[in-house]
Amino acid sequence: MPLALLAVLLPTLFWDRPIDTADTLRKAGIERLYVPAGREQAWRKESFAATTFDRARAAQAVAPTVEYHMDVASATRVPWVDANGWRFEREPGRSFFYDAPAGSGALAAAEAFAYGIEAAIRAAPEDLQQFARMLKFLREIDRLRLPERANIGVIDDGSDTMAEVLNLLARHNLLFRVIPFADPKYDLNIRNVPEAANPYEFAMKTRRVLTDEKRLLRIYGSNLVLVRLTGDASQARVHLLNYGKAAVKGLRVRVLGSYAQRKLAAFAHPGEALEDYNLQDGATEFTIPEMGPYAVVDLRRDSDF
Amino acid sequence: MAAAAPAALAADDRKVPKYRVVSHYQPATQPGMPGPYPGQAASVHAEKCIDESTEKPDPAVVREMVARGMRALTGDADVRDAWARFITPADVVGIKVNCSGAPGIMASPVVVAEIVRNLMAVGVKPDSIWIYERFEEQIETVHYDRYVPEGVHIWTAETSRGSKESYDPATYVETTFFDEEDTRSNMIRLVGSRFTKIVNVPNMKDHGASGVTGCLKNIAYGNFSNVARSHSGSVTNTYSFIGTLAAVEPLRSRTVLQVMDGLRGVWHGGPFSPSRKFRFYPKRMLFGTDPVAIDRLLLDIIDDKRKAEHAVSVWDRSAKYLGAPGDHQNNPSVNEFVREPGHIQYAGRLGLGVYELDKIKVANIEV
């Protein structure tokens with residue numbers, strides 16, 4: 001089946017609370033649920049599209065957030081971001097389960113959607129309104145799935161050291177794909193990270209060897225936004241996930257390649273358009289005036305949207 | 001004042017990062033820096049310009065200081081003529097204040113009000129005057145609005161820290177210091193899109209990273225985003241970054257006047273000044289167009305004061321004076337970074353002004 005025809009999965013609320021919370025869900029606009037085994041019939045009687053979700057078969061995702069470790073010495077002053085993109089890359093085809101505390105449910109949904117994975121998200125009751133708003137936003141995004149684009153191919157040895165390297169590559173928006181064999185289509189192939197290697201130094205060395213000029217995508221103006229890039233010869237889609245609590249204003253994005261047409265969908269900012277759009281030196285640059293937890297930018301070389 | 005700086009000043013061996021300057025603005029025929037008075041400064045001292053106990057400036061004395069300074073700098077008999085050399089009625093003027101140490105120390109609102117008054121005397125409308133700074137939470141403690149006529153703009157680039165919305169995406173300096181992800185520092189958009197002239201109003205302050213912070217640092221770090229990335233651990237790249245930023249067009253061409261407010265000063269712990277412990281009162285203002293020359297004078301003002309207080313010299317690069325984070329805030333012989341006062345000489349090499357003391361002509365005036 002052509003990739004473009006595959007529907008992108010929508011994340012789903014996992015709800016293990018009593019049936020008397022049905023009104024709360026309805027008020028939030030939730031219609032579809034994952035529930036523990038044995039409870040689906042009760043929820044269906046309440047007119048919810050309920051399906052059993054077996055947590056045991058799913059991989060665990062961390063609650064997406066940012067942590068400021070002011071009292072911990074580190075190589076940089078960059079806050080720590082808890083993100084799952086690298087896990088999704090490492091375990092393609094797996095379903096993931098998020099136990100998302102208050103404030104993280106909507107971002108978890110966006111993250112799962114951005115990577116096109118099946119996800120059950122146990123959101124906090126106080127997050128339901130925002131979570132439902134995010135689902136509505138995600139439903140309205142064109143569901144074409146495009147091939148992933150990356151600069152770096154990584155042959156994953158499954159080690160903890162490699163896990164941390166993948167985490168740091170993702171953290172620094174060094175786009176990679178986990179691949180079985182070295183592939184010359186990537187600018188750089190990585191294998192055999194020495195066990196004793198400092199993962200941060202290794203990731204930074206990778207960046208230096210790759211060079212910023214070759215990077216398919218760069219962002220300027222936030223160190224809390226992580227990206228995913230998909231695309232083919234005629235179009236590109238940029239997923240931008242903001243792990244910070246505050247909106248990001250004036251985020252500048254640079255995508256390698258010249259794209260004449262563009263379209264922005266930013267959660268909670270309907271009608272917003274890209275600003276300061278510029279094609280120069282074989283790259284496309286633009287500014288997102290303001291973004292909350294998630295934004296999607298679609299770019300096309302020629303044809304209009 | 002000290003006769004000469006130590007040999008460490010030369011610092012020719014300092015590693016300079018690779019900078020990529022992106023700007024489509026062309027320089028003016030005569031850029032504002034160093035402007036028409038390279039290697040010159042008017043230094044005005046007035047014992048009664050500020051009450052040390054209350055830290056309240058005397059507006060009448062400040063007015064006299066500004067008038068005498070501007071006349072001495074230009075040679076004009078009429079202060080209005082002096083201002084008219086730099087500003088026309090059609091100009092939109094940005095006044096780059098310094099509020100990083102506010103409310104303990106900042107471009108005094110009395111000084112700024114006097115600058116605004118002189119701009120208006122030349123014919124600039126209040127609506128064409130912008131008092132500006134990068135961070136809202138710093139400037140809002142000063143209340144410039146209480147000192148200037150209605151219509152004068154009081155504006156900040158970052159209403160929330162880190163936002164880039166008010167910076168020009170097409171005018172920036174790109175470099176990497178410490179593998180930071182965001183490698184661009186963008187110029188405030190108004191500098192290119194709105195302002196036709198800029199008056200720079202720094203203070204007389206020590207600075208833990210750059211040695212001192214005066215004209216150059218205020219105009220450089222105060223007009224670009226994402227500059228704190230130049231420091232990490234005990235290392236700072238202020239040596240070359242300050243001058244590099246200050247030289248970017250149109251900032252260089254449009255910054256036509258330097259008015260250093262030294263009513264108060266900070267001799268240690270700068271640029272901040274949470275307590276009066278390290279504050280002092282030079283009671284002096286410096287006027288000129290050459291930021292390098294004025295900052296060269298500032299270096300000696302700060303270092304002389306530090307010597308008098310038995311603090312480590314701004315020139316001392318010894319690791320033995322480096323302390324744990326925060327230690328420097330209480331101990332004037334502890335450094336947070338290896339200081340880079342050589343940034344002033346570096347800026348001189350970029351053509352921003354005259355560094356050598358024996359080539360700087362100072363008109364000393366007592367009010």
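## Helices, cores and a chain contact

Glu201(A), Arg208(A) and Val209(A) are exposed. They sit on the other side of helix H7(A) from its buried residues, Ala203(A), Thr206(A) and Arg207(A). Buried means that 20 or more other C-beta atoms lie within 10 Å of a residue's own; exposed means 12 or fewer, partly exposed is in between, and C-beta atoms are placed from the backbone.

This is a predicted model, in which local features need pLDDT of at least 70 and side-chain atom pairs count only at pLDDT 80 or more, while totals for chains, interfaces and linings use all residues. Residues are numbered from 1 along each chain as its sequence is written, with chains lettered from A and ligands numbered from 1 in the order in which they are written.

Why do the buried residues share a side of H7(A)? Ala203(A), Thr206(A) and Arg207(A) cover an arc of only 100° around the axis, which puts them on the same side. The arc is that of the directions from the helix axis to the C-beta atoms. An α-helix has 3.6 residues a turn, so residues three or four places apart point the same way.

Both helices below are DSSP runs; helices (H or I) have at least four residues, strands (E) at least two, and numbering starts at the N terminus. The expected span is 1.5 Å times one less than the number of residues.

| Helix | Residues | Length | C-alpha span, first to last | Expected span |
|---|---|---|---|---|
| H7(A) | 199-210 | twelve residues | 16 Å | 16 Å |

The buried residues of H7(A) pack against strand E9 (152-154), helix H6 (160-171) and strand E11 (188-190) of chain A. Just after H7(A), Thr211(A) takes a positive phi of about 75°.

H5(A) has its own buried residues, among them Leu128(A), Gln130(A), Phe131(A) and Met134(A). Their packing partners are strand E1 (12-14), helix H1 (22-28), helix H4 (105-115) and strand E8 (119-123) of chain A.

**Chain B and the cores**

Chain B holds ten helices and 18 strands. Its C-alpha trace spans about 55 × 45 × 40 Å along the principal axes. A compact globule of 367 residues would have a radius of gyration near 21 Å; chain B has 19 Å, which agrees. That radius is taken over C-alpha atoms, and the globule rule is 2.2 Å times the number of residues to the power 0.38. Of the 367 residues, 57% are buried.

A nonpolar core is a set of buried Ala, Val, Leu, Ile, Met, Phe, Trp, Tyr and Cys residues joined through C-beta atoms within 7 Å. The largest has 100 residues; Ile95(B), Ile115(B) and Leu298(B) are among those with the most contacts inside it. Helix H9 (291-308) of chain B gives the largest share, eight residues.

Ile87(B) lies in the loop between helix H2 (79-84) and strand E5 (93-96) of chain B. With 20 C-beta neighbours inside 10 Å, it counts as buried. Its C-alpha atom is 9.7 Å from that of Val199(B), 112 residues away along the chain.

**Where the chains touch**

Residues are in contact if their C-beta atoms, placed from the backbone, lie within 7 Å.

How values were computed:
Two residues are in contact if their C-beta atoms, placed from the backbone, lie within 7 Å.
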